[in-house]
Amino acid sequence: MQEDDEIQVNHYSDGTASVLRRAVVFSGLRFYQRSDVLYQLTQLFCSRYLPKYGDRTVDQMVQAARSVKQNIAEGSTDGQTSMEVELKLLGIARGSNQELLEDYQDYLKRKGMQEWCGRNQRFEQLHAFCRAHSRYDDYKSLLPRMDDEELANMAICLCHQVDKALVSYIERKDREFTTEGGIRERMTAARLEQRATQKEVIERQAREIAALRSEVSRLKALLAQKG
């Protein structure tokens with residue numbers, strides 16, 4: 001980090017400097033919302049189309065889908081105190097998303113089904129829908145009516161959108177880390193700002209005390225003249 005880079009210090013309501021970064025409301029992130037759709041979709045898909053016993057793919061897919069959303073949530077929360085941890089967890093989320101994507105692609109290959117892409121009308125409609133909708137409420141009435149090929153292609157589409165968003169988000173966080181530093185740098189910046197604030201308060205109080213002493217002296221002199 002360059003010495004002349006300025007770290008943005010947050011403050012409590014009383015003006016005290018804080019070492020914490022601003023909290024990220026992860027539930028409002030569209031790629032988190034899509035990861036929740038993926039988790040719900042994957043649970044439905046596995047319960048319908050994969051063996052209930054003797055196939056580890058079920059656990060792997062459900063756990064991968066859960067890992068995406070949980071690591072986004074945990075990373076965003078932990079990011080208040082540690083951007084390093086946030087970046088690590090977002091990276092894990094992206095890896096889990098890639099694992100889930102490959103499981104769905106493998107399913108289509110194994111079943112001799114088509115992965116929709118390019119100038120395919122079904123793909124274009126699906127892509128447009130997923131791009132316009134990110135909350136589970138927008139999907140839950142559709143999922144029960146879809147077959148395995150449709151569900152798998154929807155999951156693949158969502159995986160690609162989540163991955164693209166995560167790549168951009170991780171890059172943004174990486175740039176923030178370069179300029180803002182980690183918790184130690186923020187602690188130093190907060191302490192320096194707090195000391196500067198305390199110094200200003202002390203200097204202001206000293207000026208006020210000097211003014212009061214001057215006023216007291218003036219009043220004493222006035223009383224002495226009248227006495």
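Modeller: Happy to. The largest nonpolar core has 42 residues, and those with the most contacts inside it are L41, F45, I72, L100, Y104, M154 and L158. A core here is a set of buried Ala, Val, Leu, Ile, Met, Phe, Trp, Tyr and Cys residues joined through side-chain atoms within 4.5 Å. Buried means under 20% relative accessible area and exposed over 50%, with partly exposed in between (1.4 Å probe, protein chains only). At least two residues of this core come from each of α1 (30–49), α2, α3 (83–110), α4 and α5. The biggest share is that of α5, with 11 residues. As a general background, nonpolar side chains in soluble globular proteins tend to be buried together.

A word on provenance: this is a predicted model, in which local features need pLDDT of at least 70 and side-chain atom pairs count only at pLDDT 80 or more, while totals for chains, interfaces and linings use all residues. Residues are numbered from 1 along each chain as its sequence is written, and side-chain values use heavy atoms, with hydrogens and water left out.

Of the 227 residues, 37% count as buried. Among contacts between residues at least 6 apart in sequence, 76% join residues at least 24 apart, where contact means heavy atoms within 4.5 Å.

Leaving aside neighbours within four places in sequence, F45 is in contact with L50, M61, Y104, Y107, D148, L151 and A152. The structure holds 6 aromatic pairs; rings of Phe, Tyr and Trp (its six-membered ring) pair if their centres lie within 6.5 Å, and planes under 30 degrees apart count as stacked, over 60 as edge-to-face and the rest as tilted. The rings of F45 and Y104 have centres 5.1 Å apart and planes at 65°, so this pair is edge-to-face. Since F45 lies in helix α1 and Y104 in helix α3, the pair ties together parts that are 59 residues apart in sequence. Both F45 and Y104 are buried. F45 and Y107 also form an edge-to-face pair, at 4.9 Å centre to centre and 80° between the planes. That pair links F45 in helix α1 with Y107 in helix α3, 62 residues apart, and Y107 is buried, as is F45. Ring pairs link F45, Y49, Y104 and Y107 into a cluster.

Now to α5, the helix that gives the most to the core. This helix has 33 residues and reaches 46 Å from its first C-alpha to its last, close to the 48 Å expected at 1.5 Å a residue; the expected span is 1.5 Å times one less than the number of residues. D147 caps its N-terminal end, with a side-chain oxygen 3.2 Å from the backbone nitrogen of E149. Such a polar contact is a pair of N or O atoms within 3.5 Å; within protein, one must be able to donate a hydrogen and the other to accept it, and residues adjacent in sequence count only if both atoms are side-chain atoms.

Further along α5 sits Q161, which is buried at 14% relative accessible area. Q161 touches R34, H127, C130 and R131, not counting residues up to four places away in sequence. Q161 and R131 are 30 residues apart in sequence and 7.7 Å apart in space, C-alpha to C-alpha. I170 is also in α5, which covers residues 148–180. Apart from neighbours within four places, I170 is in contact with L87, L90 and G91, and its C-alpha is 6.6 Å from that of L87, 83 residues away along the chain.

Two other helices complete the tour. The 12 residues of α4 (residues 121–132) should span 16 Å, and the end C-alpha atoms are 17 Å apart, which agrees. N120 caps the N-terminal end of α4, with a side-chain oxygen 2.8 Å from the backbone nitrogen of R122. In α2 (residues 56–78) we find N71, which is buried at a relative accessible area of 10%. Beyond four places in sequence, N71 is in contact with L89, I92 and A93.

Conventions
Helix = DSSP H or I, 4+ residues; strand = E, 2+ residues; numbered from the N terminus.
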